[in-house]
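Subject: The two-chain model, with notes

Dear colleague,

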Amino acid sequence: MTDGVHNRARPARAPTAGLSGFPSFSAVFWIGLFLVTWALSTWSFALYKTFDARWIIRYPKKLEIPLDTWISNATNWLVEDLNFGFFTFRDVTRFISAIIEAPYDIMRSLLVDGFMIGQGQQAIDVAPPLSWIAIISIAVSLALYAKDRWLAILVGVCFAYLAAFGQWDSAMVTLASVLIAVPIGVAGGLALGIVAYRLPAFERMLRPVLDLMQTVPVFAYLVPILVLFGFGPVAALIATVIYAMPPMVRISTVALHSVPEEVIEAGRMVGCRRGQLMWKVLIPTAMPSLMVGVNQVIMLTLNMVIIASMIGAGGLGYDVLTALRRLDIGGGIEAGLAIVVMAIALDRLSQAFAVRRVRPHLDPQLPFHKRHPVFTLVVAIAVFTTLAGAYLPAFREYPARLTLTTGTFWNSTIEWINVNFFDSIEAVKTVLLNVLLLPVKRFFTGIPWAWGIVVVGLAAARICGWKLGVMAAAMTFFIAASGLWREAMTTVYLCSVSVLIASVIGIPLGIWAGQNPRANSVIGAMIDTLQTLPSFVYLIPVVMLFRVGDFSAMIAVVLYALAPAVRYAAHGIRSVDEELIEAGKVSGCTSRQILWRIKLPLAAPSLLLGLNQTIMLAISMLVITALVGTRDLGQEVYIALTKANIGQGIVAGLSVAFIAIIADRVVTALARSSQQKLGLT
Amino acid sequence: MERPVILDCRGVWKLYGPHTRNFLEKHNGSPTDMALAEANIISAVRDASVKIRKGEIFVIMGLSGSGKSTLVRCLSRLVEPTAGEIRFEGSDLLAMSENELIHLRRKKMGMVFQHFALLPHLTVLQNAAFPLDVQGVDRRTREEKARQMIDIVGLTGREDYYPRQLSGGQQQRVGIARSLVADPDLWFLDEPFSALDPLIRREMQDEFLRLQSMLQKTIVFITHDFDEAIRLADRIAVMKGGRIEQTATPEELVLNPSTPYVEEFTRHVPRAKVMKLRSVMSPDVPDGVYAGELSGNRTVADTIHQIDAATHPFKVTGEEGEVIGTIDARTAIDVMIGRTGA
């Protein structure tokens with residue numbers, strides 16, 4: 001026991017050795033590694049000129065692994081030639097499309113289009129869609145059922161916003177996709193989770209796949225789906241389901257595993273069969289955790305449905321996308337706000353369901369409409385307004401003359417900002433670009449690829465052992481050998497600058513929130529809202545103010561990745577043992593000393609975990625910022641998407657995933673070792 | 001008169017680690033501590049044999065890690081023993097198929113858990129009715145039975161509460177109601193009162209004895225609390241390091257501990273708390289005046305006030321009410337203050 005403690009304490013003593021005149025091996029290693037890297041990065045171009053060795057800065061074209069071509073060819077073969085005898089691969093994809101298309105069409109007809117027979121001009125209306133009043137009242141009553149009247153008011157206002165600001169039809173198209181994708185994602189995720197729970201071997205197999213799926217950038221999902229399923233809402237739905245399912249799988253497995261052993265034994269002792277044990281004991285007991293998963297699926301679905309507008313999902317995402325392309329400020333902000341509003345409504349609603357408590361049973365003697373007054377009323381409203389819509393257009397569609405628009409307001413606001421603050425914005429931008437962004441960019445993109453592989457391998461090996469070092473070096477080699485070195489280094493540079501700024505802003509905010517309950521309630525609410533917003537939305541204001549380029553991308557990434565830095569810092573500060581703080585107080589620490597000497601050192605593991613999450617979010621957002629004209633791996637994926645080049649998309653996507661995986665492993669290892677040092681395992 | 005054996009468990013082993021069954025065979029069924037440690041195998045239960053007789057309260061006592069919980073899980077086959085034989089009412093429990101086992105558990109076994117193991121999404125009534133629900137009993141019948149059980153455990157009026165709305169003691173009452181609703185013959189209780197406050201624990205023990213006097217189940221009761229064991233048990237098996245050190249009545253255990261470990265445990269137990277009148281009485285019954293009759297199965301501590309207050313000795317009676325001896329205040333007080341070496 002004592003031995004173990006001493007072993008753990010050893011790294012902590014290392015800095016002391018450094019102060020007494022003999023720099024520790026660790027310090028020499030890191031400083032040396034950095035200096036060599038810096039020198040090579042600075043003079044790589046000069047080296048190339050002196051030795052006339054272009055391979056120093058460019059991975060030789062001849063030695064590139066043409067993985068992208070292979071993948072593209074394989075896919076072509078799949079799509080064009082693969083034949084299982086009775087059916088072809090094409091038939092399989094068509095079959096899957098058909099299965100998803102049918103319910104989607106029904107949902108869409110119900111919410112937006114109305115039911116029709118026939119096609120195009122000859123179409124005959126059979127039944128109108130649900131009237132907007134009906135949909136709002138359904139949403140409100142759900143909120144009432146899930147929680148209370150305050151939530152009902154919030155949800156009502158959100159949906160009313162969609163109607164009043166002319167976003168109704170697009171919003172309903174988006175909602176239809178969400179309503180179809182969520183049940184599929186939840187059911188599929190739960191099913192896989194159950195299998196993984198029952199078969200540990202399957203879980204071990206599934207885990208790396210899920211890890212990869214969560215780190216591969218969203219655009220990279222779209223490319224193969226686009227190639228296999230074509231352009232359109234169904235392809236978008238499939239991409240959405242695939243994207244939103246992994247967390248549900250993970251959460252279901254964890255939730256099932258965390259059902260207390262005794263409860264399972266109780267189930268077995270009363271003689272449950274396997275199925276009964278699962279559906280009557282395990283799943284109901286795990287329900288609160290499972291509902292957290294459902295909430296996640298809903299939010300990820302919304303996020304992806306917006307992004308998938310690039311492959312034809314339509315709806316609000318499409319509006320934002322076209323507005324971005326046309327630089328239509330007002331339109332973009334309006335559609336963006338509609339997404340925000342919808343995200344907030346869906347998030348609060350599903351969270352309310354997650355913590356909803358079952359209510360006592362009502363007297364079954366009462367007639368149905370007395371036991372369920374709200375339900376009865378809502379059905380009545382829905383039927384009445386929908387039928388009335390056939391005669392009175394106001395019921396069918398929100399009256400156009402009552403539509404408010406803020407488009408011009410936003411246009412003039414942005415214009416006003418740009419006229420009055422252009423110089424100061426531009427000054428900030430220029431300073432940051434010159435002082436921070438460009439030097440970092442030069443440093444990273446200057447690193448010769450060969451040394452890059454070595455340095456990544458060495459660093460990873462030093463922190464997490466040689467196995468991971470080899471893996472990290474291999475992954476880096478893969479990136480270089482795919483001819484993506486420069487793009488990858490651009491990604492790393494944008495990511496590190498953004499993470500740095502996000503940490504500089506986020507960690508102090510988190511510390512403040514951790515020490516001050518009032519600050520916590522404000523900051524917490526802000527961060528919660530920021531986190532529910534689909535990533536796409538962040539681009540809108542940024543582009544409006546800063547136009548396209550690395551700087552805009554960085555701002556968007558910082559905004560998106562801020563949340564975990566704040567949250568983990570606050571959590572770390574708050575979870576410091578009260579006794580230790582009291583010990584500090586009785587030793588006569590000032591509150592500043594308590595913060596610096598006690599709270600911060602103990603919160604270090606938490607800060608590192610926050611850093612890890614910040615990096616992950618930054619990388620995922622970075623890919624989306626390809627839309628505002630970065631020149632990194634994200635752009636590569638985006639280009640692949642526009643050209644439907646599956647090989648290029650997958651290789652670039654994998655490269656992003658590899659960067660994320662290396663960062664994740666290294667930072668997690670750092671967090672773990674600092675936890676061990678503090679004995680907080 | 002010996003009562004029939006309900007559960008007969010012989011030479012049960014439970015080992016955790018790689019290839020435990022081969023390992024056990026290789027060491028002729030009794031590996032040494034060294035061999036276990038070398039093979040990286042942890043032994044939870046080692047060569048345990050117990051016979052549980054109809055209608056008795058059989059307590060398995062041991063500190064944490066002694067293997068008592070694993071043993072009871074072997075007896076109910078929640079855990080598959082590595083080796084050994086377990087017979088339930090004569091039939092081989094370990095040879096039973098999944099379906100037979102399910103049938104057995106539905107009809108013949110009930111179990112109460114340390115942390116209650118109630119289902120959080122069901123009401124008190126639904127929790128109590130759950131075993132019947134699983135069996136497919138229709139709602140009206142099962143709720144009626146569950147209501148009876150809830151009444152017996154004293155929770156009437158709380159049928160529609162959820163477990164989280166109840167105190168620990170109340171939750172365990174629901175656990176007891178659930179374990180009894182299918183009217184089992186064999187009742188397992190795995191440290192049922194350990195998670196409760198001392199005062200509530202005492203109350204629940206009394207409640208448990210009251211229930212048992214009403215229901216006459218065969219009981220396997222797990223505890224780490226020696227006082228609890230002595231209070232409740234007809235017989236106690238003391239476990240240490242996976243082995244059963246001694247199986248005996250509380251009295252025998254205190255009077256004749258067979259190992260130093262058991263002796264260590266029983267050293268501080270007041271003799272009077274376990275000594276029965278039948279074992280301290282004098283077997284002669286001289287003519288004379290007696291204050292009354294006392295059952296030979298009652299303990300000295302239990303009856304000392306009565307004996308001390310009377311001016312004459314008491315007759316001691318046996319199982320059938322026949323007089324088997326006498327006891328006077330002097331003898332009883334000797335036992336109380338530990339003057340007799342017995």
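The notes below take the two chains in turn and then look at a few single residues.

Please keep in mind that this is a predicted model, in which local features need pLDDT of at least 70 and side-chain atom pairs count only at pLDDT 80 or more, while totals for chains, interfaces and linings use all residues. Residues are numbered from 1 along each chain as its sequence is written, chains are lettered from A and ligands numbered from 1 in the order in which they are written, and side-chain values use heavy atoms, with hydrogens and water left out.

Chain A

Chain A contains 28 helices and 2 strands, where helices (H or I, at least four residues) and strands (E, at least two) are DSSP runs numbered from the N terminus. Its radius of gyration is 28 Å, close to the 26 Å that the globule rule gives for 681 residues, so chain A is as compact as a globular protein of that length; the radius is taken over C-alpha atoms, and the rule is 2.2 Å times the number of residues to the power 0.38. The C-alpha trace of chain A spans about 90 × 65 × 65 Å along its principal axes.

Of the 681 residues in chain A, 49% count as buried, a word that here means under 20% relative accessible area, with exposed meaning over 50% and partly exposed in between (1.4 Å probe, protein chains only). If we take the contacts in chain A (heavy atoms within 4.5 Å) between residues at least 6 apart in sequence, 79% of them join residues at least 24 apart. The accessible surface of chain A comes to about 33700 Å², and 67% of that belongs to carbon and sulfur atoms; such areas come from the Shrake-Rupley method with a 1.4 Å probe, and for residues only the protein chains shown count as cover.

An unreviewed UniProt entry places the feature "domain: ABC transmembrane type-1" at residues 167–350 and 488–667 of chain A, although UniProt annotations, given in the numbering used here with shortened feature names, may be inferred rather than shown by experiment. Over residues 167–350 of chain A, the chain is 88% helix and 0% strand, with its end C-alpha atoms 22 Å apart. Residues 488–667 of chain A are 85% helix and 0% strand, and the end C-alpha atoms there are 19 Å apart.

A:Thr301 lies in helix H12 (residues 274–307) of chain A, and at 1% relative accessibility A:Thr301 counts as buried. Leaving aside residues up to four places away in sequence, A:Thr301 touches A:Val178, A:Ala181, A:Val182, A:Thr240 and A:Ala244.

A:Ser482 is found in the loop between helix H20 (466–481) and helix H21 (485–515) of chain A, and this residue also counts as buried, at 16% relative accessibility. Again not counting residues up to four places away in sequence, A:Ser482 touches A:Glu64 and A:Val651.

A:Ala644 sits in the loop between helix H27 (633–643) and helix H28 (646–678) of chain A, and its phi is near 50°, a positive value in a residue other than glycine. At 37% relative accessibility, A:Ala644 counts as partly exposed.

Chain B

Chain B has 15 helices and 13 strands. The radius of gyration of chain B is 23 Å, close to the 20 Å that the globule rule gives for 342 residues, so chain B is as compact as a globular protein of that length. Of the 342 residues of chain B, 50% count as buried, and its accessible surface of about 16000 Å² belongs 47% to carbon and sulfur atoms.

In chain B, the UniProt annotation "domain: ABC transporter", from an unreviewed entry, covers residues 24–266. That span of chain B is 43% helix and 22% strand, and its end C-alpha atoms lie 33 Å apart.

Helix H3 (residues 68–75) of chain B has 7 of its 8 residues buried, so this helix is largely enclosed by the rest of the structure. Among the buried residues of H3(B) are B:Lys68, B:Arg73 and B:Cys74, and H3(B) is followed by B:Arg77, whose phi is positive, near 60°.

B:Asn40, in the loop between helix H2 (33–38) and strand S2 (42–53) of chain B, has a positive phi of about 65° although it is not a glycine. At 63% relative accessibility, B:Asn40 counts as exposed.

With best wishes
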